[in-house]
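Please read it alongside the sequence and the coordinates.

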Amino acid sequence: MPERRALAPGVEVPCVGMGTWQTFRGDRAELVRAALESGIEVFDSSPMYGEAEERLGEALDGRRDEAFVATKIWTSSAEEGRGQAERALRFYGGRVDLYQVHNLVAWREQLALLEELREQGKVRLIGATHYNPSEFGALEEVMRSGRIDVIQVPYNPREREVERRILPLAEELGLGVLVMRPFGEGALTGRGGAPADRLLKWVLSDPRCTCAIPATRDEKHMRENARAGEPPWLDPEERDYVARSVS
Ligand SMILES: NC(=O)c1ccc[n+]([C@@H]2O[C@H](COP(=O)([O-])OP(=O)(O)OC[C@H]3O[C@@H](n4cnc5c(N)ncnc54)[C@H](OP(=O)(O)O)[C@@H]3O)[C@@H](O)[C@H]2O)c1
């Protein structure tokens, strides 16, 4: 079972979760059932991921309480933002555990909506995501605003920009960190890559990373990912070895 880590004060989650980008089409109930049984609780989605939000909601039917649902608002329109929230709340039994502003789109306005939903008890934690280091300056501004609990950023041996300022700032401010793209969208696990469990351990050996959210369609891969969330962690030499093997 993946080790549990604090995402925010009083909120612990297993350090391996599951993304849903490109992998949640059609019936995913069997995969989600197996994931919950393997100790995966955090499922990350977005209205940007096609039907994924809705498929995740269906797959959690009857088991919603066992999951920690992270999804996103992704629009510059206030009205569309409300519509996205209404739909997500319908899919997830009236509450979203972590609601994030996707790619920082209209973040001031959308954070106001998420704060309102938190006041109403429909949202537990608030976050912000970006995949592109060119926007990390703006992400720092949001982190320092005091309005978010969690960030979601890419981190893997080929994308290490977060090491410079984002991870130290998250640590200083006590923010949780979800790690997207731990396998570089699959580029690092393919030919010439590294074993998936080594790559996940590479991420999770940095204690500032609260939870990695690899996406997979494959139950066997999901189980392998869940097992990688258990100690022992890599020491600095082992970490360097993994990084060199994919560079
Ligand atoms: N990409 C982005 O820009 C982005 C942006 C925002 C948020 N996110 C979030 O972060 C999540 C993860 O990122 P991602 O989906 O882009 O990429 P990723 O998790 O780095 O890579 C996904 C790929 O890795 C493969 N994989 C998973 N487990 C494996 C294993 N044990 N062994 C071998 N291959 C394995 C999957 O193929 P199989 O299906 O064959 O296992 C899939 O093709 C997203 O789903 C989303 O929730 C991503």
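Predicted model: local features only at pLDDT ≥ 70, side-chain atom pairs only at ≥ 80, totals over all residues.

Leu 104 is part of the loop that runs between strand E6 (96–101) and helix H4 (107–119). Its phi is near 60 degrees, a positive value in a residue other than glycine.

**Backbone**

- Besides Leu 104, where phi is positive, the peptide bond from Pro 231 to Pro 232 deserves a look, as this bond is cis.
- Omega of the bond from Pro 231 to Pro 232 is near 5 degrees.
- Pro 232 belongs to the loop between H8 and helix H9 (236–245).

**Ligand shell**

- The ligand is surrounded by 25 residues.
- Asp 44, Tyr 49, Phe 183, Thr 216 and His 221 are the closest of these.
- By class, the shell around the ligand holds 10 nonpolar, 9 polar and 6 charged residues.
- Helix H8 (residues 219–227) contributes 3 residues to the shell around the ligand, the most of any element.

**Polar contacts and burial of the ligand**

- In the side chain of Thr 216, an N or O atom is 2.5 Å from an oxygen atom of the ligand.
- For the side chain of His 221, the distance from an N or O atom to an oxygen atom of the ligand is 2.6 Å.
- The side chain of Asp 44 has an N or O atom 2.7 Å from an oxygen atom of the ligand.
- The ligand taken alone exposes 870 Å², and the protein buries 86% of that area.

**Largest pocket**

- Which pocket does the space taken by the ligand correspond to? That space is the largest pocket.
- The largest pocket holds about 690 Å³ of space.
- Its lining is made up of 30 residues, and those closest to the centre of the pocket are Trp 21, Gln 22, Arg 181, Glu 185 and Ala 215.
- The lining of the largest pocket comprises 11 nonpolar, 13 polar and 6 charged residues.
- H8 gives 3 residues to the lining of the largest pocket, the most of any element.

**Where the topics meet**

- H8 gives the most to the shell around the ligand and also gives the most to the lining of the largest pocket.

Note on methods. Residues numbered from 1 in each chain as written. Heavy atoms only, no water. Near = heavy atom within 4 Å. Polar contact = N/O pair within 3.5 Å; in protein donor to acceptor, adjacent residues only side chain to side chain. Areas by Shrake-Rupley, 256 points an atom, 1.4 Å probe, with all protein chains shown as cover. 1 Å grid on protein atoms, 1.4 Å probe; cavity = no way out; pocket = protein on both sides within 12 Å on 5 of 7 lines; lining within 4 Å. Sits in = over half its atoms within 2 Å of the grid points. Helix = DSSP H or I, 4+ residues; strand = E, 2+ residues; numbered from the N terminus. Nonpolar A, V, L, I, M, F, W, Y, C, P; charged D, E, K, R; others polar. Points joined across faces, edges and corners; volume = space filled by probe spheres on them.
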